[in-house]
Amino acid sequence: MPVKQLILLGKPGGLEYWIVPCPLGARPDSYDALRQFLESLVAYMSRELGCSHESFIALSRKADPSAKFLFAENARHWNPETGLGVLPHQPPPRMIRAADVSDLDPENLPQVMHTLFRVKKAGNVRLNAMTTMLGTGSGLQILSRLDGTKLLNALKDEHLELIEDPLYRIFPWYVPLLDKAALDEPLIPRTIEVTRRITLYIRESPEDGGVLIISSEPLTGLVEQFGCKQLDYGKNPQWTLEGIPS
């Protein structure tokens with residue numbers, strides 16, 4: 001089944017919050033319309049608003065095998081750098097203690113370190129990484145009016161204000177991992193803080209069953225400009241991606 005539904009879920013804290021329901025592991029051509037839409041969106045923000053584009057890949061221990069294969073095949077072109085993703089609506093990351101897991105199954109311990117890989121090669125290489133990994137549940141894109149290095153330095157300072165465990169203070173950069181739970185209204189101060197410099201945030205969120213798109217800019221006009229057709233005008237308006245030219 002092609003991925004083609006785009007839904008506006010809300011506007012928490014002045015942000016627009018969208019989702020594209022998206023199964024993992026479908027045929028590569030199932031994501032063609034979404035791939036074209038995301039390319040158009042990132043290109044517009046970069047060209048018209050002067051945004052920098054940072055691209056990341058999350059490979060957890062439970063990552064889809066296709067994600068690990070694609071990453072291994074392309075890593076030499078992307079020059080990846082390891083950093084940390086942080087859930088803003090959860091306590092700061094730290095090492096697991098015995099009391100944390102005394103009642104848990106050793107085979108299903110919680111993931112406490114969300115390692116990400118930053119695509120250090122710039123320009124179209126980051127777009128390539130985004131489109132290559134799409135559908136594997138691992139891609140994260142952050143666009144900002146700040147220069148990428150300045151943005152990552154600012155996010156690092158903000159995260160290190162709360163992270164105390166020495167093991168988690170050694171990374172070169174830290175970025176927020178946003179999901180539906182982080183966007184519940186009213187937004188908590190931490191979510192507001194880590195998103196205030198971000199213009200566009202795109203994350204494949206397996207736990208939410210799709211691709212989350214969070215924007216500080218109104219996107220409805222752009223969505224229609226890109227050829228998307230509105231199908232529903234209710235509380236959560238819906239568009240189809242089928243009209244986007246390839």
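## Strand Pairing and a Hairpin

Two strands are said to pair when DSSP finds at least two bridges between them. In this predicted model, strand E8 (residues 200-205) and strand E9 (residues 210-215) pair in the antiparallel sense, over 6 bridges. Within this pairing, Glu 204 stands opposite Val 211 in E9. E8 and E9 form a hairpin with 4 residues between them, and Gly 209 in the turn has a positive phi of about 75 degrees.

How many of the 6 residues of E8 are buried? The count is 6 of 6, so E8 is largely enclosed by the rest of the structure. Leu 200, Ile 202 and Glu 204 point one way from the strand, while Tyr 201, Arg 203 and Ser 205 point the other way; all of these residues are buried.

## The Partners of Strand E4

Strand E4 (80-86) has pairings in both senses. With strand E5 (residues 114-119), E4 runs antiparallel and is joined by 6 bridges; Thr 82 stands opposite Phe 117 in E5. With strand E7 (residues 174-176), E4 pairs in the parallel sense over 3 bridges, and Leu 84 has Tyr 174 in E7 as its bridge partner.

## Helix H1

Helix H1 (residues 32-48) contains 17 residues and reaches 24 Å from its first C-alpha to its last, close to the 24 Å expected at 1.5 Å a residue. Its buried residues are Leu 34, Arg 35, Phe 37, Leu 38, Ser 40, Leu 41, Val 42 and Met 45. In an α-helix there are 3.6 residues a turn, so residues three or four places apart point the same way. Just after H1, Gly 50 takes a positive phi of about 70 degrees.

## A Nonpolar Surface Patch

Met 95, Leu 167 and Ile 170 form a nonpolar patch on the surface, and together they have about 280 Å² of accessible area. Met 95 is found in the loop between E4 and helix H3 (98-101). Is Met 95 buried, partly exposed or exposed? Its relative accessible area is 41%. Buried means under 20% and exposed means over 50%, so Met 95 is partly exposed.

## Confidence in the Model

The protein has a mean pLDDT of 90, and 92% of its residues reach 70 or more. Confidence is highest in strand E6 (residues 139-144), at 98, and lowest in H3, at a mean of 52. Where pLDDT is low, the predicted coordinates should not be read in detail.

Conventions
Residues are numbered from 1 along each chain as its sequence is written. This is a predicted model: local features need pLDDT of at least 70, side-chain atom pairs count only at pLDDT 80 or more; totals for chains, interfaces and linings use all residues. Side-chain values use heavy atoms; hydrogens and water are left out. Patches are made of residues with over 30% relative accessible area and no salt bridge: like charges are joined within 9 Å, nonpolar side chains (Val, Leu, Ile, Met, Phe, Trp, Tyr) within 5 Å. Accessible areas come from the Shrake-Rupley method with a 1.4 Å probe; for residues, only the protein chains shown count as cover. A salt bridge is a side-chain nitrogen of Lys or Arg within 4 Å of a carboxyl oxygen of Asp or Glu. Helices (H or I, at least four residues) and strands (E, at least two) are DSSP runs, numbered from the N terminus. Buried means under 20% relative accessible area, exposed over 50%, partly exposed in between (1.4 Å probe, protein chains only). pLDDT is the predictor's confidence in each residue, from 0 to 100. The expected span of a helix is 1.5 Å times one less than its number of residues.
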